[in-house]
Amino acid sequence: MANVVEIIFYHGPEDLAGRLIRGWTHSPYSHCEIHFGHSDCFSAKAGEGCRFTRVPEANRTAYWGAVPIVLLPDEESRIRQFCIGETGCGYDYWGALFAA
């Protein structure tokens with residue numbers, strides 16, 4: 001049976017870094033995360049680095065857009081393992097700058 005994760009895109013109230021990212025990318029979104037379900041998310045955020053977070057369901061529906069991604073059975077586990085390996089790494093400012 002396939003698993004579904006979501007890539008969620010933030011479009012809510014923002015700090016200076018978020019406003020700069022929105023301006024640089026000409027996008028209403030400043031941030032995205034992998035949502036594994038049950039509010040379990042992985043992200044990299046300026047000033048905080050790579051980490052697992054929990055997004056309250058009320059905030060997720062109010063401030064986040066979502067795109068579901070269907071995965072093969074072992075893919076979610078492989079993605080989680082990658083995220084675990086990245087936990088604690090710093091934010092990739094150069095990658096964010098040149099991604100646009």
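This is a predicted model: local features need pLDDT of at least 70, side-chain atom pairs count only at pLDDT 80 or more; totals for chains, interfaces and linings use all residues.

1. The chain holds four helices and five strands, and read from the N terminus their order is β-α-β-β-β-α-β-α-α. With a radius of gyration of 14 Å, close to the 13 Å that the globule rule gives for 100 residues, the chain is as compact as a globular protein of that length.

2. On overall dimensions, the C-alpha trace spans about 40 × 30 × 20 Å along its principal axes. Of the 100 residues, 29% count as buried. If we take contacts between residues at least 6 apart in sequence, 60% of them join residues at least 24 apart.

3. Helix H3 (residues 75-86) passes a simple length check: its twelve residues, at 1.5 Å a residue, should span 16 Å, and the 17 Å between its end C-alpha atoms agrees with that. Have a look just after H3 too, where Gly 88 adopts a positive phi of about 95 degrees.

4. The accessible surface of the chain is about 6400 Å², and carbon and sulfur atoms account for 63% of that. One part to view is a nonpolar surface patch formed by Trp 24, Trp 94, Leu 97 and Phe 98, which together have about 540 Å² of accessible area.

5. Which helix gives the most to the nonpolar patch? That is helix H4 (residues 93-99), with three residues. Trp 24, by contrast, sits in helix H1 (residues 16-25).

Methods. Residues are numbered from 1 along each chain as its sequence is written. Side-chain values use heavy atoms; hydrogens and water are left out. Helices (H or I, at least four residues) and strands (E, at least two) are DSSP runs, numbered from the N terminus. The expected span of a helix is 1.5 Å times one less than its number of residues. Patches are made of residues with over 30% relative accessible area and no salt bridge: like charges are joined within 9 Å, nonpolar side chains (Val, Leu, Ile, Met, Phe, Trp, Tyr) within 5 Å. Accessible areas come from the Shrake-Rupley method with a 1.4 Å probe; for residues, only the protein chains shown count as cover. A salt bridge is a side-chain nitrogen of Lys or Arg within 4 Å of a carboxyl oxygen of Asp or Glu. The radius of gyration is taken over C-alpha atoms; the globule rule is 2.2 Å times the number of residues to the power 0.38. Buried means under 20% relative accessible area, exposed over 50%, partly exposed in between (1.4 Å probe, protein chains only). Contact means heavy atoms within 4.5 Å.
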